[in-house]
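Let's take a look at how the chains of this assembly sit against each other. Here is the structure to keep open while you read.

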Amino acid sequence: MSTRPALSQLGLSAGKKARLYRILHEHGVRNGTAIFLPYDHGLEHGPRDFCGYPGSGDPRHVLRLAVEGGFNGIAVQIGLARKFYWEYAGEVPLVLKLNGRTDIPAPADPVSPVTATVEEAVRLGADAVGYTLYVGTPGQERDFAQYLRVRQDAERLGMPLIVWAYPRGAAVEARGGRDSLYAVDYAARAASELGADMIKVNFPRPGQQEGVPEAYRREISPQEAITAVARSAGRSLLLVSGGGRAGDAAMLEKAAHSMEAGATGFIFGRNVFQRGQSESLRLVTQLKEILAKYPSGAA
Amino acid sequence: MSTRPALSQLGLSAGKKARLYRILHEHGVRNGTAIFLPYDHGLEHGPRDFCGYPGSGDPRHVLRLAVEGGFNGIAVQIGLARKFYWEYAGEVPLVLKLNGRTDIPAPADPVSPVTATVEEAVRLGADAVGYTLYVGTPGQERDFAQYLRVRQDAERLGMPLIVWAYPRGAAVEARGGRDSLYAVDYAARAASELGADMIKVNFPRPGQQEGVPEAYRREISPQEAITAVARSAGRSLLLVSGGGRAGDAAMLEKAAHSMEAGATGFIFGRNVFQRGQSESLRLVTQLKEILAKYPSGAA
Amino acid sequence: MSTRPALSQLGLSAGKKARLYRILHEHGVRNGTAIFLPYDHGLEHGPRDFCGYPGSGDPRHVLRLAVEGGFNGIAVQIGLARKFYWEYAGEVPLVLKLNGRTDIPAPADPVSPVTATVEEAVRLGADAVGYTLYVGTPGQERDFAQYLRVRQDAERLGMPLIVWAYPRGAAVEARGGRDSLYAVDYAARAASELGADMIKVNFPRPGQQEGVPEAYRREISPQEAITAVARSAGRSLLLVSGGGRAGDAAMLEKAAHSMEAGATGFIFGRNVFQRGQSESLRLVTQLKEILAKYPSGAA
Amino acid sequence: MSTRPALSQLGLSAGKKARLYRILHEHGVRNGTAIFLPYDHGLEHGPRDFCGYPGSGDPRHVLRLAVEGGFNGIAVQIGLARKFYWEYAGEVPLVLKLNGRTDIPAPADPVSPVTATVEEAVRLGADAVGYTLYVGTPGQERDFAQYLRVRQDAERLGMPLIVWAYPRGAAVEARGGRDSLYAVDYAARAASELGADMIKVNFPRPGQQEGVPEAYRREISPQEAITAVARSAGRSLLLVSGGGRAGDAAMLEKAAHSMEAGATGFIFGRNVFQRGQSESLRLVTQLKEILAKYPSGAA
Amino acid sequence: MSTRPALSQLGLSAGKKARLYRILHEHGVRNGTAIFLPYDHGLEHGPRDFCGYPGSGDPRHVLRLAVEGGFNGIAVQIGLARKFYWEYAGEVPLVLKLNGRTDIPAPADPVSPVTATVEEAVRLGADAVGYTLYVGTPGQERDFAQYLRVRQDAERLGMPLIVWAYPRGAAVEARGGRDSLYAVDYAARAASELGADMIKVNFPRPGQQEGVPEAYRREISPQEAITAVARSAGRSLLLVSGGGRAGDAAMLEKAAHSMEAGATGFIFGRNVFQRGQSESLRLVTQLKEILAKYPSGAA
């Protein structure tokens with residue numbers, strides 16, 4: 001059963017509320033739910049993610065897909081925002097990713113360095129900003145330090161802050177891995193305690209139990225798992241990620257579980273742009289049918 | 001014939017364009033036109049403007065009118081924005097008025113002092129800011145000084161700037177008065193030269209010719225007059241004010257002339273809230289019928 | 001009928017709400033109403049206000065009166081706050097007055113200069129700050145400029161802002177005078193539009209109609225008058241001033257009218273400290289009996 | 001025998017005194033003692049601390065427990081403060097934790113990174129801030145650097161500073177461990193020397209003597225141990241932590257020892273929320289009965 | 001009877017208390033009283049004040065007099081402080097005057113412009129700073145503005161602030177004049193409300209009653225008058241000025257009245273340096289005999 005909080009219950013400033021209202025009630029299904037299109041793979045993974053998927057490497061193509069597919073927002077890095085978003089400014093909400101990194105060096109203590117500021121997001125007309133927070137790595141101290149500034153700027157400017165809450169690092173791998181329920185649950189809670197307005201997580205795999213704390217070592221269904229995560233997110237709205245390209249049936253099932261758990265919606269990248277245009281739109285339609293079943297109370 | 005410029009022709013930053021797109025294409029008639037509801041009379045004139053019009057003094061009532069009437073924006077001072085807008089945040093675009101004054105002292109060199117900042121407008125989720133610029137008074141130097149700061153902040157934060165371009169002062173009264181075509185035309189052009197994104201003017205009275213320069217001393221029709229003003233506004237979008245409560249037929253005629261001249265729309269306060277709710281909505285409907293005939297090209 | 005808004009409806013930040021909650025629900029009658037003791041007469045009028053009233057000139061005596069009388073707050077200038085409040089810190093809420101002036105020079109364009117800052121109020125543990133805004137004087141431009149800074153600091157630090165809304169100046173005197181309903185009503189609305197959290201006004205005298213606008217030129221009862229003012233204050237809580245020492249019966253009647261109109265309470269100085277201690281406390285008891293009849297909804 | 005210093009003896013600024021007075025004399029037992037509810041386990045340990053204890057993961061539930069249980073304050077991270085505290089603003093004092101970390105990476109030189117600022121605490125209406133200082137780790141240099149800033153901001157804004165004084169690191173483990181009297185005593189004194197207004201320590205285990213300096217290698221009773229720690233805290237008020245869930249009788253005995261030693265009170269988290277609501281409230285009642293026996297002198 | 005407050009009752013920061021302790025308890029009579037030597041006449045009146053008094057124009061001579069006479073402090077402008085005080089640094093406390101003006105232009109709205117800063121006073125090792133505040137002039141707004149900064153710097157740096165509280169201006173002259181009890185009493189209270197640590201006033205002339213408010217129009221003895229002023233100063237320590245050169249007997253009587261009223265001491269310039277050295281020292285001895293009768297309670 002959905003326990004998704006209404007916007008008016010979240011202690012939001014007028015600016016955060018106005019921008020979230022626009023995202024959640026004036027785009028997409030317009031019922032308080034959302035489906036976002038993240039498109040920062042070119043920095044995070046390199047152009048290899050676009051190989052074999054015609055158009056997927058062209059930001060203009062993907063932006064049009066976001067507009068035509070009626071997405072609630074597209075998340076990009078500052079470069080694409082500046083060079084491509086102006087053309088569609090206002091037609092689809094912009095989520096400016098404020099940090100990012102290439103995946104080539106693989107340090108033991110990764111931090112995703114800041115690539116843009118909240119003020120730039122304001123200047124571009126963005127309706128939210130995104131920050132990747134690595135939970136569980138030795139880089140935590142530097143990560144929290146730069147996150148603090150982003151969070152405060154976002155408060156000051158009334159900008160909703162979406163945290164990509166990513167468990168990472170050797171200690172995480174030793175305790176069930178980044179997709180274990182333990183790790184995802186902890187990441188969601190940490191982001192919530194640190195003031196995220198929305199939290200992006202991967203759908204947890206509760207079966208990954210090797211090395212996890214006692215409390216997570218039992219039979220846990222996917223529905224129970226994502227429900228626990230939504231509860232840990234609390235009044236931070238939950239977005240569930242599609243991760244890598246996956247089978248449609250499994251994906252739709254996870255989507256339904258997520259909404260049933262009280263999630264606000266989805267953030268699907270490769271599952272969307274690594275398809276032909278019509279196939280993408282068909283998937284989006286299916287996802288929206290799920291979202292339509294979970295309207296928020298009036299904001 | 002409409003010569004209204006498309007958003008893409010205005011040299012706007014992405015942020016200004018995104019916010020104007022939201023105002024002009026996601027609210028009201030959604031065709032690039034606009035009707036705004038200004039509601040700062042409580043400061044500018046005092047509560048006397050509300051006497052005899054039940055509900056008109058209650059900001060919540062007027063905000064609901066703006067939402068239900070499908071206005072493209074409501075313009076208010078910071079106090080009302082902070083205490084009332086949060087409840088409707090995002091449902092109707094907010095235009096934060098950044099200066100204002102009471103009308104009790106009547107100095108020879110009036111300047112409308114700053115009451116809020118562009119950053120506060122951002123924090124509140126506003127889609128535009130408003131500034132009253134008095135054209136023709138001895139206070140010009142102080143006025144331009146504070147306007148400069150507002151304009152620069154608006155550029156930096158991607159916030160559209162609407163200038164209330166008001167001819168004022170003894171010198172203006174000596175040259176045809178504040179509503180003469182000479183004065184309105186000059187005010188529109190001055191605001192355009194000073195970087196307004198939108199300009200609010202009163203509909204000019206070309207018959208007021210006593211003391212005006214040679215060029216304005218001839219037979220000029222209302223249509224010619226407002227067309228001249230729209231031309232002076234250039235790529236600053238033109239909004240025509242309703243002024244005090246007036247006869248409907250005359251008002252609708254002026255509205256039609258304005259749109260024909262290339263205006264973007266109207267900004268009607270007392271003509272709207274000094275009526276019963278249903279009468280207000282009927283007037284808005286009539287105005288929207290006019291707007292619907294003047295769609296912009298694609299933004 | 002009381003239409004006083006609940007704290008949760010005011011769009012307050014957590015800090016403003018916490019501090020107002022403390023003032024309104026943890027002191028005095030503890031039902032959302034308030035009686036404040038202002039004590040800045042030594043600066044505003046000079047020690048002559050204390051002559052003949054033993055103890056009234058001693059801040060320690062008056063602070064003890066505020067504590068023992070169970071006031072919701074005492075309003076003083078920075079000097080008294082620094083030298084006397086520490087002894088009673090936390091026992092009665094502190095309202096730090098942030099501007100003030102002596103009454104000796106009587107300029108045509110008075111502005112009450114800033115004497116302390118919001119940050120100092122925070123440092124002293126104050127629960128609110130006070131600012132005297134003169135409505136209707138030619139000094140408006142300078143007044144608004146310094147008020148802007150106070151208001152923004154108060155927002156930033158979560159500090160409730162009480163505006164002493166005082167009509168003043170020759171133009172006001174020419175339109176019914178400072179206590180006319182026109183003037184008081186305008187002052188209340190102006191303070192509300194400019195973002196006051198609470199507004200202190202004098203009880204209006206609706207009979208003073210010489211020179212006032214049309215709308216105020218009719219038979220208006222005291223109850224109607226104060227109800228109009230409360231409506232103009234909107235979501236800014238209304239405090240009614242006792243003014244100079246007056247007859248008790250008349251004063252209690254005005255107090256009852258005020259609460260019936262939706263006021264939050266009273267701010268009574270000379271009427272309190274220009275009495276013997278026991279007589280003061282008896283008056284406070286009578287005022288509290290009135291307040292007790294007008295509880296707020298749950299905050 | 002209690003040697004707890006009165007507020008007026010602590011050299012506090014008016015703001016710190018006002019806020020501590022509110023905490024110690026207007027909440028809880030109202031006699032100068034305190035029981036705090038810390039609730040940052042979601043960040044420090046992850047949601048596993050909530051597993052099996054229904055409601056314990058829901059900040060709203062725990063806040064209600066703090067209000068209904070009559071706690072003197074609840075300590076949370078910025079995210080929970082922003083999203084949940086506004087609803088109860090002022091009803092229970094807020095202690096904003098200003099740093100925190102997840103427990104997944106276990107570096108040799110841990111520092112708890114800053115997650116919020118004193119100014120944010122002011123903005124939220126907090127009555128105190130909390131900072132975790134690790135005593136004995138190689139990270140000391142970075143820790144002191146960020147602590148310095150927190151302490152100075154707290155002075156400037158009149159905000160009481162509670163230091164979570166935690167002995168940590170290999171060197172500490174080699175000298176009796178984090179709970180040895182040596183370690184706890186040193187941590188209390190270090191926090192006192194560095195300007196803490198209150199200090200949170202774990203109840204020391206004087207029997208852990210392996211590797212401790214000579215002075216601590218003798219028969220020391222629990223009462224003697226906590227008395228020594230209170231003496232080391234000096235004019236920094238002492239709070240004793242409950243640590244992990246423990247047996248009630250032992251816990252109450254430690255509580256009594258603490259108060260006898262001159263402590264100001266307790267800070268109990270898991271012992272409180274890892275119970276059913278009624279069992280929690282019963283424990284709180286028992287603790288308050290102890291506090292009631294140790295009133296402060298008048299503040 | 002002396003009601004002079006002890007240092008510990010004044011709500012002083014440690015720095016202000018330490019510096020005042022040095023002034024009041026380690027110099028002069030060392031019993032909490034003081035006699036200051038002001039020496040800024042060269043700026044305020046010009047060298048004419050020194051004519052006919054050999055040595056009086058030589059700062060070195062006067063500084064030596066201050067040291068040898070065992071004064072509690074010497075008040076000078078920045079120029080003399082920089083060029084002469086270093087030689088006697090620490091031997092007599094330095095009071096740096098922070099503003100001053102020549103008496104040649106006589107504007108209707110005088111403000112004494114700032115000539116040095118509190119930070120410079122710290123750099124010079126001063127134990128207090130002095131500021132001349134004109135009470136009652138139309139220049140009040142500018143005066144308060146620059147005073148605010150001085151007061152805040154003095155708070156921040158723990159520097160005692162002595163206010164030369166001078167009634168001035170046409171409105172004052174119309175109400176009994178600058179030495180009337182009304183004017184002096186108001187000035188003392190205003191300085192106290194604005195946060196002076198010490199206040200310098202002229203001994204009032206209660207007989208000057210023309211135009212003063214009702215409360216001051218009665219038979220008032222000199223003792224009653226200065227007692228009223230001391231009461232208005234409250235917890236701001238009172239210094240009584242000698243004014244121009246006067247008869248010794250009258251002066252000593254005023255001094256005795258002042259101490260009896262609760263003053264802290266004297267500030268005597270021309271009465272001291274407009275004499276031969278030995279005569280000066282004899283007068284100082286007489287004044288100290290009076291001071292010796294009025295010890296403070298322990299600080």
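First, the ground rules. This is a predicted model, where local features need pLDDT of at least 70, side-chain atom pairs count only at pLDDT 80 or more, and totals for chains, interfaces and linings use all residues. Residues are numbered from 1 along each chain as its sequence is written, chains are lettered from A and ligands numbered from 1 in the order in which they are written, and side-chain values use heavy atoms, with hydrogens and water left out.

Now for the contact itself, meaning heavy atoms within 4.5 Å. Chain C puts in 27 residues and chain D puts in 27 residues. Chains C and D meet through the same surface, because 100% of the interface residues of chain C are also interface residues in chain D. On the chain C side, C:Ala14, C:Arg22 and C:Arg123 lose the most area to chain D, together 21% of what that side buries.

| Interface | Buried area | Share on carbon and sulfur atoms |
|---|---|---|
| Chain C and chain D | about 2,300 Å² | 51% |
| Chain C and chain E | about 3,000 Å² | 58% |

Between chain C and chain D there are 4 salt bridges (a side-chain nitrogen of Lys or Arg within 4 Å of a carboxyl oxygen of Asp or Glu). C:Arg22 makes a salt bridge with D:Asp127, with the closest N and O atoms 3.3 Å apart. Which elements of chain C supply two or more residues to the side that touches chain D? They are helix H1 (14–25), helix H4 (78–88), helix H5 (118–123) and helix H6 (140–156). Helices here are DSSP runs (H or I, at least four residues) and strands are E runs of at least two, numbered from the N terminus. H1(C) brings the largest share, 7 residues.

Over at chain E, 37 residues of chain C are in contact with 37 residues of chain E. This pair of chains has 5 salt bridges, and one joins E:Arg151 to C:Glu120, with the closest N and O atoms 2.7 Å apart. Helix H2 (41–44), helix H3 (59–68) and H4 of chain C each supply at least two residues of the side that touches chain E.

Finally, the aromatics. Over all chains the count is 35 aromatic pairs (Phe, Tyr or Trp rings, Trp by its six-membered ring, with centres within 6.5 Å; planes under 30 degrees apart are stacked, over 60 edge-to-face, the rest tilted). One of them is the tilted pair of B:Tyr39 and B:Phe50, 5.6 Å centre to centre with 40° between the planes. B:Tyr39 lies in the loop between strand E1 (34–38) and helix H2 (41–44) of chain B and B:Phe50 in the loop between H2 and helix H3 (59–68), so the pair ties together parts 11 residues apart in sequence.

Definitions and conventions
Buried area = accessible area lost by both parts, 1.4 Å probe.
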